[in-house]
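Open the model in your viewer and keep the selection panel at hand. The tour below goes from one selection to the next and says what is found at each stop.

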Amino acid sequence: MQIYVCVKHVPDTAARITVVGGSGFAETCKFIVNPYDEYAVEEAVQLVKRNGGEVVLVTVGKESAVSSMRSALAMGADRGILVKTDAQFLDSALTAQALKKAIAQDGTADMIFCGRQSIDSEGMQTPFRLAQAFGMAVVTDVVALSVNENQAIAEHDIGGGATEVLQIQLPCVIGANRGLNDPPYPKLPQVLRAKKKEIKQVDIADLGLDLSFPLTEIIKLEAVPERGKAKIFEGSTRESVEQLVKALKEEEKIL
Amino acid sequence: MFKAGIWIETGENGVKEANFGVITAARGHGDAEIHAFVLDGNADAYQDALQSYGVQKIVSLGTDGGDLSSKPDLQAAALAEAVNHFEITAFLGLSSARGRDLLARVAALMDAPLVQDCIGIDLSSQTVSKSHFSGKTVATVKINANPFVCSVRPNTIEAQIAPCQCELIEYRASVQDPGKLAVKEIEKSRTGAVDLTEANIIITGGYPIGAAENYNLLQQCADVLGAAVGASRAAVDAGYAPHSMQIGQTGKTVSPKLYIGCGLSGSVQHFAGMKTSKVIVAINTDAEAPIFEKCDYGIIGDLFEVVPVLTQVLREQKS
Ligand SMILES: Cc1cc2nc3c(=O)[nH]c(=O)nc-3n(C[C@H](O)[C@H](O)[C@H](O)COP(=O)(O)OP(=O)(O)OC[C@H]3O[C@@H](n4cnc5c(N)ncnc54)[C@H](O)[C@@H]3O)c2cc1C
Ligand SMILES: Nc1ncnc2c1ncn2[C@@H]1O[C@H](COP(=O)(O)O)[C@@H](O)[C@H]1O
């Protein structure tokens, strides 16, 4: 199987984000593989282990994204393609087009894996646009997957405690959710081997896309202030609970 | 005239409450004509509810391509055609699991701009706000093309009544299902449970809950409050709760009016999923727990003692 995995390079979940210049942020913080994309990589690697084939990573990002690509290669992917851009936030439609071009130039995908969302821009749409660009079916938020000859069975959460099981024709795009698998920590030999794997770099400007007209753009980024210290209710358990309920009723008018 | 269209999410109990906030958001454009798109064939049953929030036209969608109910691609194709047909500029819906999926399919089909999980919308200037970096920042996003699609985080825009008379329209889209995707089955694990992402009140148990059965304690309190029950990742990883109950960065994003966290340390990743709650209450044994530094009210105590008393007090005050 020829499997492509879209992997984004994003600030660590625990990183402090400092806004600079009104709509950007200080990119000096620690960056990681987008957590959902790790489930995507792991699933692809397991599929290729069973069925043979190749796992190719595709990233649209800055040169610095190579570090996350190496981490994902250490998880067992075979090689990578970096589409270089100088923006951290690229409109999702453009990102999807760039991913599509990079994949189509490289080979013929049997499956394309993504994460369900990127944790920086939280776009929640790239897999759908990518699928549309290829004329493939797509399912995201996937927590269980099985793949046969020419179809996949995927399960995802649809709210209200219900899950939906879908049958998808291959080739297709899958958006991985937490729960799909449990990626192990790469061991040192895997990390060392990953350093030697190929990462091909292409410039986004050479893909023949119209970059001058993004469908959406970020015009302002603002830090959200943390709430202050809690008002603590004192006294016996019953007394504190009664004060809490009173506050929720009378001050907050919630209950 | 500016036309706004809203995909109406329905369930066992008809129109989901959270839709009314989305309709209210669409009315924010002073001169908008509001279309509601209903896919389940029960449009007439929803007329009273929808017109009381200002919907002027209810479009009941059907297709030549078969039953709409369980075909995501067919639904999206029908909606995309209807958005064009009715000349909708802003197409909105709930950012629920279903909504995000459906709206993304529609936007991809139309090659239209899409912003998911909006927490604020200004239709006149085509700018919206949404969380970036798991709630650490809010981004203002300018939408540069028409028509455009936005999903709205449930409960972030307060619903306001605005009664009007509405018209019922039937529309048959001439679309076919590409046939690449089919729903095989739907499994309900917890029937009647309040949906986390739409709940007005959520009570969450962290790692100290210690066992799956102990969530019953929270469920009893939730029953009195009409609340949904959530879990932290530490509790999910320990096998005390299914992942569908997890709130946070790698779980669900929720925005209830009241969030009661029981035995939560207050991790950044957990807060990523519930930071926009209106009021946050923490119950924790440790007076130094980080959660007390970033919530509204706190009780220092053992959740196994505090929660039953809370349930009791709420019951007494109810009767
Ligand atoms: C990439 C990544 C993604 C993550 N995503 C998520 C996510 O989506 N959601 C999430 O929740 N976490 C997530 N985490 C994990 C997160 O960092 C924390 O480890 C987790 O939230 C801690 O869960 P907790 O607060 O339940 O447990 P703990 O950290 O164990 O805290 C328990 C708290 O309860 C108090 N306590 C103990 N006993 C009692 C008692 N009897 N009554 C009352 N209080 C008591 C303790 O004082 C303590 O403060 C993620 C981590 C990473 C690295
Ligand atoms: N710049 C990017 N490079 C590679 N993959 C991406 C990029 N942006 C998004 N993706 C993929 O699309 C998924 C969803 O992203 P988003 O639509 O931004 O929430 C991510 O989990 C990635 O798999």
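Start with ligand 1, which sits between chains A and B. The model is a predicted one.

**Stop 1: ligand 1.** Select the 27 residues around ligand 1; those that come nearest are B:Ser232, B:Gln246, B:Thr250, B:Gln269 and B:His270. Next, display the polar atoms. A polar backbone atom of B:Arg233 is 2.9 Å from an oxygen atom of ligand 1. At B:Gly263, a backbone N or O atom is 3.4 Å from an oxygen atom of the ligand.

**Stop 2: the interface of chains A and B.** Now select both sides of the interface: 88 residues of chain B are in contact with 78 residues of chain A. The two chains bury about 7400 Å² between them, with 54% of that on carbon and sulfur atoms. Highlight B:Phe133, B:Lys180 and B:Tyr297, which together supply 11% of the area that chain B buries against chain A, more than any other three residues.

One to display is B:Lys252 with A:Asp157, whose closest N and O atoms are 2.5 Å apart. Colour the side of chain B that touches chain A by residue class and it divides into 38 nonpolar, 23 polar and 27 charged residues.

**Stop 3: ligand 2.** Move to ligand 2 and select the 19 residues around it, of which A:Cys6, A:Asp37, A:Ser118, A:Met124 and A:Thr126 come nearest. The shell consists of 8 nonpolar, 9 polar and 2 charged residues.

A backbone N or O atom of A:Val60 is 2.8 Å from a nitrogen atom of ligand 2. Oxygen atoms of the ligand lie 2.7 Å from a backbone N or O atom of A:Met124 and 2.9 Å from one of A:Gln125. The protein covers 97% of the 480 Å² of accessible area that ligand 2 has on its own.

To finish, show chain A as a cartoon. Strand 6 (54-61), helix 3 (92-106), strand 8 (111-115) and helix 4 (126-134) each give two or more residues to this shell. Strand 6 of chain A gives the most, with 3 residues.

Notes. Residues are numbered from 1 along each chain as its sequence is written. Chains are lettered from A and ligands numbered from 1 in the order in which they are written. This is a predicted model: local features need pLDDT of at least 70, side-chain atom pairs count only at pLDDT 80 or more; totals for chains, interfaces and linings use all residues. Side-chain values use heavy atoms; hydrogens and water are left out. A residue is near a molecule or strand if one of its heavy atoms lies within 4 Å of it. A polar contact is a pair of N or O atoms within 3.5 Å; within protein, one must be able to donate a hydrogen and the other to accept it, and residues adjacent in sequence count only if both atoms are side-chain atoms. Accessible areas come from the Shrake-Rupley method with a 1.4 Å probe; for residues, only the protein chains shown count as cover. Helices (H or I, at least four residues) and strands (E, at least two) are DSSP runs, numbered from the N terminus. Ala, Val, Leu, Ile, Met, Phe, Trp, Tyr, Cys and Pro count as nonpolar, Asp, Glu, Lys and Arg as charged, and the others, Gly among them, as polar. Contact means heavy atoms within 4.5 Å. Buried area is the accessible area (1.4 Å probe) that two parts lose on being put together, summed over both. A salt bridge is a side-chain nitrogen of Lys or Arg within 4 Å of a carboxyl oxygen of Asp or Glu.
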